[in-house]
Amino acid sequence: MQGLFSRSLSPHQDNIVGKYESALLCLGNLHCYFGHPKKALEAFTEAVRVSQMNNDDSCLAYILGAISNLLSKIGISSTVGLIGSRYSLGNNIGLGTPLSIQQQLLVLLKRSLKRADMLKLTSLLSFDHISLAKFDLKHVQRPLVSFGPNGSTKLRTCPADVCKNLRLSSHVLSDFGTDGLSIANDNGSFSTSWLRNLSDASSSWHSSSTKPRKLITNDFDNFHFHAQPSPIPTSVLQLAGSAYLMRATAWEHYGSAPMVRMNTLVYATCFADAASSSELSLAYVKLIEQLAVFKGYSAAFCALKLAEEKFPSSTNSQIHLLKMQLLHERALHRGHLRIAQQICDEFGVLSSSVSGVDIELKTEASLRRARTLLAAKQFSQAAAVANSLFTTCYKYNMQVENASVLLLLAEIHRKSDNAVLGLPYALASQSFCKSFNLDLLEASATLTLAELWLALGSNHAKRALSLVYQSLPMILGHGGLELRARSQIVLAKCHLTDPEFSVSEDPCAVLDPLNQAAEDLQVLEYHEMAAEVYYLKAMTYNHLGKEYEREEAAARFKEHVTALENPRDEEDSLVY
Amino acid sequence: MVTDDSKVLLHRFNWQRLWTISPGKCITSICWSPDGKIVALGTEDGFVLLHDVENGKMLRSIKSHDVAIICLNWAEDEPLSRTDKEDLLSYEDRTTRFFPPAPVMPRIGGLNSGDTGLADENEEAIQAFSSASCQRFNILCTGDKDGCICFSIFGIFPIGKININKVPIHVQSSGKRTSYRLQDVSISKVSLSRNLHQLVLLCSGKLINTDNLSLSNDLSVGVHCLHLDTSIFSNRKNELHQVSQQASSIQDLVEVVRASISMMSKQWSNAMNLFHEKFSALPSLLTAHGMESSSEDEFMSLLFGTHTSPALHQFLVSSLGEAGLKRIAKTIESAGRELRIVVSEHLQPAVEIISFRLAELRGLARWRSRFQNIGLDEKLMDGVTERVGMLVVQVERFSRVAATVLYLFQNFLSWVLKCVKILLSEPTDQVPSTNSELVVIFLKFLLDKDPIKQLLETDQIFEWDIDTAKHVEHLVVFGGFTDTKFLERSLAKQFSELEESLKEAFLMPFTTVSSQIHCQGLLPLYPVTSSDALSSTSTPASIAFYKDKDSQHNASSYSSTDYICFKIPDGSLNLRNFVAVIKDFCNSCSTSNTPSLSGFLLHIPVEYECVDLSLYKDNQVVLLLSGKSSSENAGRSWMVMLQTENLSFSQFSRTFPANYYNLQELEALELQLDTDYGKVRSVPHPLSTPLAVSASRGVACIFSSRRHALVYILDEDEDEDEDEGSEME
């Protein structure tokens with residue numbers, strides 16, 4: 001390794017110089033891909049030095065983009081000693097204090113963007129816009145220098161910026177001709193693909209001519225089979241497509257289920273031909289996740305089978321992860337805790353051991369472990385896991401994850417009958433969500449808050465009810481089956497505990513939400529909550545004096561409780 | 001603040017003229033928006049025009065009626081009526097948080113910069129309008145000559161329409177229910193109460209008994225007062241507000257999309273026309289040279305260097321020429337740039353925001369217990385959401401095809417330019433390098449086809465292959481679009497389908513709300529003989545709602561009293577020169593324990609004639625009287641302000657139908673101009689009809705027959721007039 005960075009290679013001819021930097025750039029990217037952040041940074045630092053020496057502006061712009069990509073991917077708690085002293089970012093801004101890693105990332109991105117814009121590197125420009133959008137999604141853009149009372153103290157993320165950046169990045173598709181680096185060359189690739197399609201084209205032409213309808217062929221339509229090879233480079237298409245994927249991710253955060261689905265579908269329909277398999281599988285993963293959340297597990301597993309056929313799995317692939325996630329969720333819902341624990345352990349093994357690498361995977365693994373422990377009613381252990389997870393997230397500045405960890409902590413306290421302790425966590429989670437515009441998570445935090453108030457006694461029922469009403473439009477509109485059912489249950493509970501409410505006067509106010517919740521939970525096979533629903537229903541019918549319905553609800557309650565307590569068919573939990 | 005025939009002039013109080021517009025149609029009614037920022041005009045042919053007060057720009061024009069709009073009433077929800085329930089249901093429109101400002105209509109010729117300053121202003125105005133109007137819930141009601149009443153939230157989103165001719169009126173009289181129906185209705189006045197609970201309207205028409213048709217007689221033709229129950233507006237205020245807010249901005253954006261598509265197709269066809277015009281010379285030249293080959297073959301042979309036929313040579317060098325070629329290149333390039341701008345700045349953002357707003361609406365529709373009874377249907381919304389998703393795919397496809405085609409054009413044209421330079425033996429180093437393969441593709445597929453145009457036309461059906469079909473069907477398992485045939489459609493076709501389903505989805509709330517507006521009561525006011533039935537619409541009348549004094553402390557459930565004030569035309573009911581004031585009509589219809597219907601008649605001294613009247617704040621009536629030409633007071637007028645509380649209301653029964661017109665029972669009071677019922681001012685001019693009273697500013701504006709406008713401050717005790725009117729032409 002040392003030899004590569006030694007000066008002895010330093011060449012004299014310009015074209016070789018360009019290649020040397022590019023090689024370093026590739027090396028850095030590979031290191032980054034395989035999870036060696038330190039090595040990658042070394043390579044990048046060297047590349048920066050060389051390209052600065054040779055005035056290779058475009059390469060420098062690319063390297064800046066690559067470094068920012070690295071910084072955003074790898075969790076690094078502090079940059080001290082990582083980025084070489086030769087290219088210290090802090091110095092350039094002229095501030096005494098070292099910048100936080102996020103601010104360095106922002107500075108790098110902005111600089112790369114500026115250079116790309118100047119040099120008309122449209123692909124890089126688009127990439128930088130996407131990275132900026134990614135940054136804006138998860139971080140608050142603080143001004144680097146803020147003095148005095150007028151210094152803006154906006155502590156919220158700015159979703160409109162995300163949207164703007166994504167729109168700008170889509171321009172790559174129409175501007176591809178002007179990119180200085182990706183000029184299409186006369187290498188005969190078009191004729192090759194054309195010739196390959198020729199036989200198919202003529203045969204299908206015969207079949208189409210026999211159709212009764214007069215069809216028009218649009219030769220440049222990418223949905224048309226014998227469409228002509230497009231001069232748009234694949235890389236450009238991939239960039240344009242990833243803007244849509246990024247949109248879907250953004251909406252996952254902001255909470256708009258139809259938008260997630262639509263953007264993913266647009267990607268899967270329009271960009272499937274050019275997409276890399278990892279990105280396409282990501283799109284399918286998103287679609288399947290939506291199915292699992294909104295249509296239940298059977299539909300999701302059905303689709304998962306198809307997806308597995310389409311993408312032959314390797315262990316770390318997205319599809320495999322998704323499968324484990326789905327299995328874990330289902331095991332938790334069915335009450336198969338042993339299986340859930342097993343899957344959790346598998347999760348833990350998947351991630352790399354290098355600190356800071358695969359940080360998202362690690363977070364998810366411990367989140368799931370805490371949830372499994374919670375389901376097993378081992379509250380103190382669950383809380384310990386969640387607490388350690390919180391410190392990790394805090395260390396790596398993962399504020400968005402923090403919100404969900406806090407919500408989990410609130411949940412743990414609620415289940416362990418410590419509602420008063422849970423309240424501050426729920427409130428903190430809510431305010432995190434507010435500042436990061438995580439609307440759906442905020443709605444569920446509000447719901448948890450309502451549950452906590454409700455647990456404090458019946459005189460808080462009014463307050464809880466108003467909280468539920470606040471969260472309902474969001475949850476009903478964009479929440480999944482589980483969340484919806486939960487909100488309906490809480491709504492019914494609020495009414496039931498309210499001393500001023502009488503069931504006999506307005507039975508529909510309780511029974512309607514309960515029926516709907518029962519319907520949703522049936523699809524989800526969630527025994528614990530279904531039991532709760534039927535319990536509440538039986539109670540209500542008891543109040544109303546309807547004995548037959550009461551007995552029926554009670555029987556269903558018993559059914560679910562026994563299913564929860566005696567998991568009979570635990571083996572088939574791994575089968576789908 | 002003045003209107004003339006088919007011309008609208010707006011003045012400030014200091015008579016500074018703000019603007020003048022002439023819509024070119026006869027304006028039949030006018031009213032202000034509750035916040036005073038918009039003027040609504042009703043025209044003869046049933047349009048409602050909304051104009052910005054600041055600059056007179058037309059913001060919207062909505063065709064809601066078929067015939068002339070007689071009256072407008074724009075009522076806003078009382079801010080006081082907020083209850084704690086409302087706070088709890090606070091709903092945020094997330095769009096502004098997640099998106100940059102919505103795109104506006106693309107302008108044709110957006111490149112000429114001299115014009116932009118003004119146009120930008122206009123855009124801002126529209127933007128401000130759509131955002132400002134969403135602040136508080138308000139409803140514009142419009143009544144027309146044929147008895148239709150339309151309701152539109154914020155004046156832009158139609159939410160209901162009822163035809164008085166078809167509304168059954170049930171009247172409870174002595175335990176027996178009778179239904180009536182009005183025929184040939186012409187609405188003369190509508191007024192919605194401030195809490196949006198009740199609507200009172202005056203209309204003329206024939207009252208018939210639907211149970212027993214023989215009962216109707218001559219007397220049944222007359223002016224009637226109807227009370228409609230519009231409590232759906234107040235009860236479902238929040239829901240309607242949310243829905244209309246989303247829906248009206250969706251409609252705006254749909255217009256943006258439409259304009260974008262039409263503009264793109266115009267721009268592109270212009271460029272293509274030029275291109276084909278120039279290149280069509282080639283085939284004719286070829287036949288002139290007696291050659292059988294097509295122009296495609298000729299270009300091919302030029303590309304592969306075999307030979308250049310004399311025809312092609314002639315075409316390239318003389319008929320096309322370098323300058324002509326450059327012109328084509330420039331035109332196509334600028335059209336392409338326009339296309340690109342329209343797609344990226346207007347079409348894509350508009351479609352994106354539409355889809356987001358639809359997703360929000362779909363979310364609302366899921367809340368069945370709240371939104372189903374205003375007709376927001378989940379299934380329909382789902383359908384629309386699907387359609388908009390397909391539209392996004394189509395837009396993406398279009399932008400891709402456009403990018404490809406433009407690139408090919410650019411490539412081809414620079415190749416031709418290079419050839420021309422070679423033929424003229426000029427240096428070619430200025431011309432950018434070209435890809436010869438792409439030239440082949442261009443010649444083969446673009447020379448006589450136009451894929452961009454295909455996508456912009458509605459009647460095209462595209463062929464698509466089995467692989468794509470499989471792919472799309474495959475996606476259905478993953479939750480993709482269930483309508484797998486959508487790729488057959490063109491962009492424009494997809495858009496029109498979206499529009500259709502949007503219309504269907506928004507019609508649901510419209511019909512649901514319309515069906516929930518019922519007639520609550522009827523009070524025949526006075527009969528009209530058929531001869532003057534036509535003029536009956538012009539008899540002065542005024543309806544107003546005042547808040548009950550005694551219920552003010554109880555803000556959550558305040559009620560309001562309605563006052564109806566009108567002039568009885570001479571001859572009707574055997575009365576001459578009478579003005580009637582009636583109160584508590586609504587309350588008497590709905591409940592029995594509240595103060596029942598009461599009123600009084602006012603006899604105006606014989607030497608005067610009532611020109612116009614209006615209700616003013618704090619239960620006052622402003623009468624505009626003018627001296628009759630026969631008397632010594634000819635040429636002089638009086639403005640009389642009466643405090644109704646000082647006058648004695650007497651109750652009268654609503655026995656029905658024994659006596660149609662009970663007004664005769666009312667006590668007649670003599671109006672003495674020198675009594676202290678109210679204030680009297682004398683105006684030294686003969687006056688003509690429109691009397692405008694503004695309760696908030698406390699002024700009255702009157703028009704003299706000599707085309708003067710005068711503004712009086714009503715509350716001041718001094719008798720002097722404030723502003724001597726400016727001369728109107």
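**Rings and strands: a quick chat**

Student: Which ring does the charged end of R247(A) sit over?

Tutor: The ring of Y244(A), with the charged end 4.9 Å from the ring centre. Keep in mind that this is a predicted model.

Student: And what does R463(A) lie over?

Tutor: The face of W453(A), at 4.2 Å from the ring centre.

Student: OK, ring against ring now. How many aromatic pairs are there over all chains?

Tutor: The structure holds 13. One of them is W251(A) with F356(B), a stacked pair with 4.9 Å centre to centre and 25° between the planes.

Student: Why does that pair join two chains?

Tutor: Because W251(A) belongs to helix α10 of chain A, while F356(B) belongs to helix α8 of chain B.

Student: Is W251(A) buried or exposed?

Tutor: W251(A) is buried, at 5% relative accessible area. F356(B) is buried too, at 0%.

Student: What about W268(B) and F409(B), how are their rings arranged?

Tutor: Their planes are at 80° and their centres 6.0 Å apart, so the pair is edge-to-face; planes over 60 degrees apart get that name. This pair ties together parts that are 141 residues apart in sequence. Both rings also belong to a cluster that includes F275(B) and W415(B).

Student: Switching topic: what order do the strands of the open sheet in chain B come in?

Tutor: β4-β5-β6-β7, with antiparallel pairing.

Student: Which strands stand at the edges?

Tutor: β4 and β7 of chain B; each has a single partner strand, so one side of each has no neighbour in the sheet.

Student: How many bridges join β6 to β7 in chain B?

Tutor: Five. In one of these strands, β7(B), R60(B) is the bridge partner of L50(B).

Methods
Residues are numbered from 1 along each chain as its sequence is written. Chains are lettered from A and ligands numbered from 1 in the order in which they are written. This is a predicted model: local features need pLDDT of at least 70, side-chain atom pairs count only at pLDDT 80 or more; totals for chains, interfaces and linings use all residues. Side-chain values use heavy atoms; hydrogens and water are left out. Two strands pair if DSSP finds at least two bridges between them. Helices (H or I, at least four residues) and strands (E, at least two) are DSSP runs, numbered from the N terminus. Rings of Phe, Tyr and Trp (its six-membered ring) pair if their centres lie within 6.5 Å; planes under 30 degrees apart count as stacked, over 60 as edge-to-face and the rest as tilted. Buried means under 20% relative accessible area, exposed over 50%, partly exposed in between (1.4 Å probe, protein chains only). A charge sits over a ring if NZ of Lys or CZ of Arg is within 6 Å of the ring centre and within 35 degrees of the ring normal.
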